[in-house]
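Entries follow in the order I checked them.

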Amino acid sequence: MRVHVADHPLITHKLTVLRDKRTPSPVFRQLTEELITLLAYEATRNVRVEDIEIETPVTTTVGVRIGEPRPLVVPILRAGLGMLDGMVKLLPTAEVGFLGMARNEETLQPYTYAERLPEDLSDRQCFVLDPMLATGGSLGAAIDFLFARGAQDVTAICILAAPEGLAKIEEQVGDRDVTLVLGALDERLNEKGYIVPGLGDAGDRLYGTV
Ligand code: URA
């Protein structure tokens, strides 16, 4: 598994404002979109392209376009939705599918409660959007789900990650082709499963439930 932790002052600046508990939801949403666009730049480094010939006003030249089959962007509901606009701005030809993951409070195991994805993902490059990699339960389940449908490779974009979640995903994916692109790797999880220092509940902050 490849892990890329962003190291750029613009990203750190935007993250600092996101972390600040005084930042209101509209600003939080706007910054999330901007941040994802920056992380998407790194995440799409290996997106498949094909050569095309075009004519400039001066001559004919060969360039590239995003190849077929189209990349698939998969936000994990609910908080991953806040990352979708920033991602498709950079990858407008991508197809978008949705995965709703939740945790069974008795078994503590993640399960899929909603799914809108192509049945066959053979040969597809998948980009999963999940802002907070905390325990790794839902992201791990989403990655398994996509590979079970035949995905060729999976890149996950997370705003923040805890070392505990990162270790779990690393162990779970084995030698499958997975890349994680992180805005920052934080210190730890607290006893309630929140990332520390973190930014609180990403879904609540995006959608104004606090
Ligand atoms: N999910 C969140 O939204 N925040 C955390 O800190 C952990 C999981």
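Entry 1, cysteines. I started with Cys126, which is buried at a relative accessible area of 0%. I note that this is a predicted model. Next I looked up Cys158, and Cys158 is buried too, with a relative accessible area of 0%.

Then I asked how far the sulfur of Cys126 is from the closest cysteine sulfur. That closest sulfur belongs to Cys158 and is 15 Å away, so the two are too far apart for a bond. A disulfide needs the sulfur atoms within 2.5 Å.

Where does the ligand sit? I find the ligand in the largest pocket.

I listed the surrounding residues next. They are Met132, Ala134, Gly193, Tyr194, Ile195, Gly200, Asp201 and Ala202. Sorted by class, this shell has five nonpolar residues, two polar and one charged.

- Ile195 has a polar backbone atom 2.8 Å from an oxygen atom of the ligand.
- Gly200 places a backbone N or O atom 2.8 Å from a nitrogen atom of the ligand.
- Ala202 has a backbone N or O atom 2.8 Å from an oxygen atom of the ligand.

On its own the ligand has 240 Å² of accessible area, and the protein covers 81% of that.

Technical notes. Residues are numbered from 1 along each chain as its sequence is written. This is a predicted model: local features need pLDDT of at least 70, side-chain atom pairs count only at pLDDT 80 or more; totals for chains, interfaces and linings use all residues. Side-chain values use heavy atoms; hydrogens and water are left out. A residue is near a molecule or strand if one of its heavy atoms lies within 4 Å of it. A polar contact is a pair of N or O atoms within 3.5 Å; within protein, one must be able to donate a hydrogen and the other to accept it, and residues adjacent in sequence count only if both atoms are side-chain atoms. Accessible areas come from the Shrake-Rupley method with a 1.4 Å probe; for residues, only the protein chains shown count as cover. On a 1 Å grid over the protein atoms alone, a cavity is a set of points where a 1.4 Å probe fits but cannot get out, and a pocket is an open set with protein on both sides within 12 Å along at least five of seven lines; lining residues have an atom within 4 Å of a point. A molecule sits in a cavity or pocket if more than half of its atoms lie within 2 Å of its grid points. Ala, Val, Leu, Ile, Met, Phe, Trp, Tyr, Cys and Pro count as nonpolar, Asp, Glu, Lys and Arg as charged, and the others, Gly among them, as polar. Buried means under 20% relative accessible area, exposed over 50%, partly exposed in between (1.4 Å probe, protein chains only).
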